[in-house]
Amino acid sequence: MAQSEQEILAGVAELVNEETGLPVESVEMDKSFTDDLDIDSLSMTSIVVQAEDKFSVTIPDEDTKNLKTVRDVVTYIQQAQG
Amino acid sequence: MSSNPSRTRVVVTGLGAVTPLGDTVQATWDALLSGTPGAHTIDEPWVEEFHLPVTFAARTNVPAPDVLPKHEAKRLDPSGQYAVAAARQAWAHAGTPEVDPLRLAAVVATGIGGVHTLLDAYDTLRTRGPRRVLPMTVPMLMPNGAAGAVSLALGAAAGAHAPVSACASGGEAVAYGLNMIRTGRADVAVVGGTEAAIHPMPMASFAAMQALSTRNDSPETASRPYDTTRDGFVMGDGAGIMVLESEEFARARGARIYAEVLGAGTSSDAYHIAAPEPEGAGASRAVIEALRVSGVSASDVVHINAHATSTPAGDLAEIKALRVALGADLDHVAISATKSMTGHMLGAAGAVESIFAILALHHRLAPPTINVEDMDPGADIDLVLKTPRELPAGVAINNAFGFGGHNVAVVFGPAS
């Protein structure tokens, strides 16, 4: 079932919060995971795997490295669901 | 007592612990003095699932989210969670010392490492495949994981070490930190031990060795060191961490000093991988070495927190070792066997029981030993039974021995 951009953003923010303790409101569309949110590659891998379960999508490892910003992830999930 | 003026004096300025008796040092000490048993029947589905021959243990509460935030807990094995929680307590207790990170060390030992993480990850691999094995699995399961986590939490950059010597590990961490300060590698060392192995696999393994008490109908009375009916140890978990500093550094910053670490002795049995050498030869060498390094004599010793796990062979071997090391002076030493209450916290035991020895000197009060109804005639010692006992001035010893034949004795003196 496809979800709205806002629903996906809220879900991703929740995963980031659980993984890193960052407040959900800091997870904004144009933020970079590494440069703005200071999320390391181990946490990123963990967030992606949990996102697969949460949003019922598959995100192959070769695609994960292209997911630089929150928007990248949200868009990827939206397209995968669609 | 004599002293060596060229030796750097090392003092204890902060204590932290999460144990089966309480989530803080104070709660643990209060429970200890009132003779509270920490062992209870395990309320987990796996007890029934595997028909374990032992159905009880002395468990520590997982740190609450206000002690250890959820996102931090998620990246740590329970052994790492206990260690970080106890280290933060100890650090706060020491007054959050201002110290150059390059002069601050972390020495946090474990006997077994992240066994929950390892086995849970294997279950995940089998049921859900390799992609679902969390990327933090290796840093969580490695036995130095807790030392690394504590070094990160406190910014300790002078070195992070994790001595592994089974149930002697916690004592060895204290000895290691002491030596780091004495050899000039650090001014402050956060030292201790942690363990979280109350899981069906280690429980089954220890039970297979017949190392565990099987008193399933009465967990509270199962740990009974020196009692004639003792039948093995009781699994415990938790962590104990203390802040050590050179006396010079501690005095300069006006720290409260709880005790002095006078010295430590280590040895190995080279006798059997798991059984204690029955005459306590290796253990006695550790105690003798500890007294020598400390510059004290047997007559200075007023209190011993014994390793005393409640196994038939181990308890008596330790008495023989103490008799060799202290001779007739052992008759005047108040001995406490606190595993009768905490259970055996394995790699944390030597650290938690060092904290007990420090508090015994600080309060001049030896904690009791519970559950001893019929004293083993082979234990010709002055065991503190049932209620705490006042101590005269003097020094205290903590013993910690481990599978592999490891023996560690640490000597503590009062703050001067």
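Author: Ser41(A) is exposed, with a relative accessible area of 56%. On this scale, buried means under 20% relative accessible area, exposed means over 50%, and partly exposed is in between, using a 1.4 Å probe and protein chains only. Keep in mind that this is a predicted model, where local features need pLDDT of at least 70, side-chain atom pairs count only at pLDDT 80 or more, and totals for chains, interfaces and linings use all residues, while side-chain values use heavy atoms, with hydrogens and water left out. As for names, residues are numbered from 1 along each chain as its sequence is written, with chains lettered from A and ligands numbered from 1 in the order they are written.

Back to Ser41(A): you'll find this serine in helix 2 (residues 41-55) of chain A. Helices here are DSSP runs of H or I with at least four residues, strands are E runs of at least two, and both are numbered from the N terminus. An unreviewed UniProt entry puts "modified residue: O-(pantetheine 4'-phosphoryl)serine" at Ser41(A). UniProt positions follow the numbering used here, feature names are shortened, and annotations may be inferred rather than shown by experiment.

UniProt also marks a spot on the other chain: its "active site" annotation, again from an unreviewed entry, covers Cys167(B). At 10% relative accessibility, Cys167(B) counts as buried. This cysteine sits in the loop between strand 5 (159-161) and helix 8 (169-182) of chain B. What does Cys167(B) contact, leaving aside neighbours within four places in sequence? The list runs His307(B), His344(B), Leu346(B), Gly347(B), Ala400(B), Phe401(B) and Gly402(B), where contact means heavy atoms within 4.5 Å.

Now for the domains of chain B. The assignment gives domain 1 (11-253) and domain 2 (264-414), with bounds taken from an automatic or database domain assignment. Their C-alpha centres lie 20 Å apart, and 66 residues of domain 1 are in contact with 59 residues of domain 2.

Both domains also take part in the largest pocket, each giving at least three residues to its lining. The pocket has a volume of about 520 Å³ and is lined by 30 residues, with Ala274(B), Pro276(B), Thr311(B), Gly314(B) and Phe403(B) lying nearest its centre. The elements that give two or more residues to that lining are helix 12 (312-326), strand 14 (395-402) and strand 15 (406-414) of chain B. Helix 12 gives the largest share, five residues. By type, the lining splits into 14 nonpolar, 13 polar and three charged residues; Ala, Val, Leu, Ile, Met, Phe, Trp, Tyr, Cys and Pro count as nonpolar, Asp, Glu, Lys and Arg as charged, and the others, Gly among them, as polar.

How were those spaces found? On a 1 Å grid over the protein atoms alone, a cavity is a set of points where a 1.4 Å probe fits but cannot get out, a pocket is an open set with protein on both sides within 12 Å along at least five of seven lines, and lining residues have an atom within 4 Å of a point. Points are joined across faces, edges and corners, and a volume is the space filled by probe spheres set on them.

Stay with helix 12 for a moment, as Asp315(B) lies in it. At 0% relative accessibility, Asp315(B) is buried. Not counting residues up to four places away in sequence, Asp315(B) touches Pro225(B), Tyr226(B), Arg230(B), Ala308(B), Thr309(B) and Ser310(B). Tyr226(B), though not a glycine, has a positive phi of about 70 degrees, and sits in the loop between helix 9 (200-208) and strand 7 (238-246) of chain B. Ser310(B) has phi near 85 degrees, again positive in a residue other than glycine, and belongs to the loop between strand 9 (301-305) and helix 12 of chain B. Tyr226(B) counts as buried at 0% relative accessibility, and Ser310(B) is likewise buried, at 0%.

The largest holds about 60 Å³ and is lined by Glu19(A), Ser46(A), Lys74(B), Arg75(B), Leu134(B), Pro135(B), Met136(B) and Met140(B). That lining divides into four nonpolar, one polar and three charged residues.
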